[in-house]
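Student: I am new to this structure and would like to go through it term by term. Can we start with the words used for how covered a residue is?

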Amino acid sequence: MELRKDYFADVRTDGLNEIGQPRPRLDSPGHVTGKTAYFADRNFPGMLHLKMVRSPHHHARIRSIDTSEAEKHPGVVKVLTARDVPHNVYTILILIQIGPEDETVLADGKVRWKGEAVVAVLAETERAAQEAAAKVKVDYEVLPAVFDMEEALKPGAPLVNEYHGQNYYLYDSGECRKVRFGDVEAGFAQADHILEQSYQSSPIEHAPTETTGCVVAPEGNDRFTCYTNTQAMFFTLDNASIILQMQGSKLHFVGGTVGGGFGGKVDVIVEPIAILAAKLTGRPVCFIYSREEEMQISSPRAAEKVVIKDGVMKDGRIVARKVTGYTDAGAYSRHSPYGAQKGAAHYPGPYTIPNVWIDTYCVYTNRTPSSAMRGFGVTIGDFALEVQMDKLARLIGMDPLELRFINAYRDGDMKAHRQPTEGAALIECMQEASRAANWPVAEKYMAMSSYRKGA
Amino acid sequence: MAKVPVQFTLNGSEKAEFVESGTTLLNALRDKIGDTSPKGGCHQGTCGACSVIIDGELRLSCLTLAETCGGANIKTTAGLAEGGVLHPLQRAFLDGFATQCGFCTPGMIMAAKVLLDRTPNPSREDVVEALSGNVCRCTGYEPIIQAVLSAARANSQNVA
Ligand code: FES
Ligand code: FES
């Protein structure tokens, strides 16, 4: 690896002793010898297996649940329903005051997506748990469902989640997260060209090689040790503490070794119910998603729709940008209100645009709840923005890299959400990319700097 | 459920266990014998994380019934290092940054070992073909392919 120390040479204060040095990963010796302990490598005598009964419907009222046959199945130790969960309605971001609580650990009266957890079955073997789960009888009254974000926002659409009362997340700013900067209509009036385009994406599954799960062991002192592959240890511990109405000091979480996460293991999904099962049975409990559950049940990246309208001058300056973003949360919030909010701050892109108007909606539909995935809230936006930049360049007959130099943000520029730009290195990255990709740009762009204005 | 006796050699030592009929070799190794180096990524023969070597052949232990392994000679990644010295494949994976989360690694190393045992100087295509049953979601495969090629080079230098 080549380290270019000539960039920022006059403002650089560190010696960069580590960056650019090859360093072995600390966990690799365990990986190559098969000694790394993943959660599922813990095995306890008498461990029970948990299997979920899941909703076969996208949206339905639950008339009744009959677990009597399942309870009689050989090997079954316990069957859990909503009434066994101390604080059944939760939302993970409540820890940072983003409510309302809108999701059930086990469905209570209603299911809002196909695959939603309804009843948990605990048995001596995985097979017995599976067979017993098939014997749970749930009587459903199927309700109309909505799968499209724009349909969901129309008046008269089926209401997905009563805890919200409408099919969008209500921010303190109203039905969407808003950014207003300058006068976008004046910007469009002044522009030489206007380009409005719409971009959309489907949900994406992380598909980690190790599926989501945990193993819980009750300790002698009324504490529970939870071996988990969560990517969010303390987040999960605190939410489990709320759901179980149990002091955090009773919970001991062991983790940090994750067989692939990519954001797919930050929801608090398996741990609370497994800890509850261990508490109610007094036995170790293992709850691991099957591969099918990992693909169908675990949260994907949200589907998004991004509509971008830009006003651009012939010389390449973007003078106005209006963006409407839609994030499909599926049936529950999880991390999506935060993802949509990140999008609002991000949609101007790494560009300084004097007039900006952004609305981002977090929309509820009867789809699998979405959540975090690598750069959620911004990755799809970046795809949309950069395709849009190429289209703008084509529209005005300009080199696409030069268009980006003209609009690149630089230190001291005010961003649309009122954060001054600091430590931007976009110009320098593009200069290096121009050389590396052998995509030459005019000399004046190669002389630009992120922090020396006028240079 | 009826239990059946199974006896086999695992990484050079004799093992004897009673397992429920229908138990997979993967579960027998992990839950009964305590060798957790083969991983269960799918339990349906699609990810390769459970790969082991049975009588010199690469096998998916999640699709192999333990009761069919009587008398077999089974090798797993846990038994690869001899006397605390890493096998060249392990060394190459370590040095070549070919592991990230590590969940696919034991299976990858098994698949690569069967390849190098048969084809000491494989082409890149040979390596890709040999690893084609093993899923890695982290590395993008390239460091793994390079690690196998470099282990092969290290092996042939040792022989020469
Ligand atoms: S666990 Fe055997 S192939 Fe995936
Ligand atoms: S290193 Fe994570 S799956 Fe291969």
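Tutor: A residue is called buried when its relative accessible area is under 20%, and exposed when that area is over 50%; in between it is partly exposed. The model is a predicted one. Of the 455 residues of chain A, 54% count as buried.

Student: What makes Tyr171(A) buried or exposed?

Tutor: Tyr171(A) has a relative accessible area of 6%. The cut-off for buried is under 20%, so Tyr171(A) is buried.

Student: Where is Tyr171(A), and which residues does it touch?

Tutor: Tyr171(A) sits in the loop between α4 (149-152) and β9 (177-181) of chain A. Leaving out residues up to four places away in sequence, Tyr171(A) touches Cys176(A), Arg177(A), Pro337(A), Ala340(A), Gln341(A), Thr360(A) and Cys362(A). Touching here means heavy atoms within 4.5 Å. As for Cys362(A), it is 191 residues from Tyr171(A) along the chain, while their C-alpha atoms are separated by 9.3 Å.

Student: What share of the contacts in chain A with a separation of 6 or more joins residues 24 or more positions apart?

Tutor: Such pairs account for 78% of those contacts.

Student: Why is Thr119(B) called partly exposed?

Tutor: The relative accessibility of Thr119(B) is 28%. Buried would need a value under 20% and exposed a value over 50%, so Thr119(B) counts as partly exposed. Thr119(B) lies in the loop between α3 (105-118) and α4 (124-130) of chain B. Thr119(B) and Lys15(B) are 104 residues apart in sequence, and their C-alpha atoms are 30 Å apart in space.

Student: What makes a set of residues a nonpolar core?

Tutor: The members must be buried residues of the kinds Ala, Val, Leu, Ile, Met, Phe, Trp, Tyr and Cys, joined through side-chain atoms within 4.5 Å. The largest such core here has 54 residues, and those with the most contacts inside it are Leu50(A), Leu106(A), Ile273(A) and Ile275(A). Helix α7 (residues 271-281) of chain A gives the largest share of this core, 6 residues. At least three residues of the core come from each of domain 1 (41-143 + 207-296) and domain 2 (177-204 + 300-446) of chain A. Apart from this core lies another, of 35 residues, including Ala92(B), Leu94(B), Leu131(B) and Ala147(B).

Student: Which residues is Ile273(A) in contact with, leaving aside its neighbours within four places in sequence?

Tutor: Ile273(A) is in contact with Leu50(A), Met52(A), Leu80(A), Val85(A), Val105(A), Leu106(A), Ala120(A) and Phe287(A). In soluble globular proteins, nonpolar side chains tend to be buried together.

Student: What are the domains of chain B, and how far apart are their C-alpha centres?

Tutor: The domain assignment of chain B gives domain 1 (3-79) and domain 2 (88-159), with C-alpha centres 22 Å apart. Their contact takes 17 residues from domain 1 of chain B and 13 residues from domain 2 of chain B.

Student: How many positive and negative side chains does chain A have?

Tutor: Chain A has 51 positive and 57 negative side chains, and the centres of the two sets lie 1 Å apart.

How values were computed: Residues numbered from 1 in each chain as written. Chains lettered and ligands numbered in written order. Predicted model: local features only at pLDDT ≥ 70, side-chain atom pairs only at ≥ 80, totals over all residues. Heavy atoms only, no water. Buried < 20%, exposed > 50% of the residue type's maximum accessible area, 1.4 Å probe, protein only. Lys, Arg positive; Asp, Glu negative; His and termini not counted. Charge placed at Lys NZ, Arg CZ, Asp CG, Glu CD. Helix = DSSP H or I, 4+ residues; strand = E, 2+ residues; numbered from the N terminus. Domains from an automatic or database assignment.
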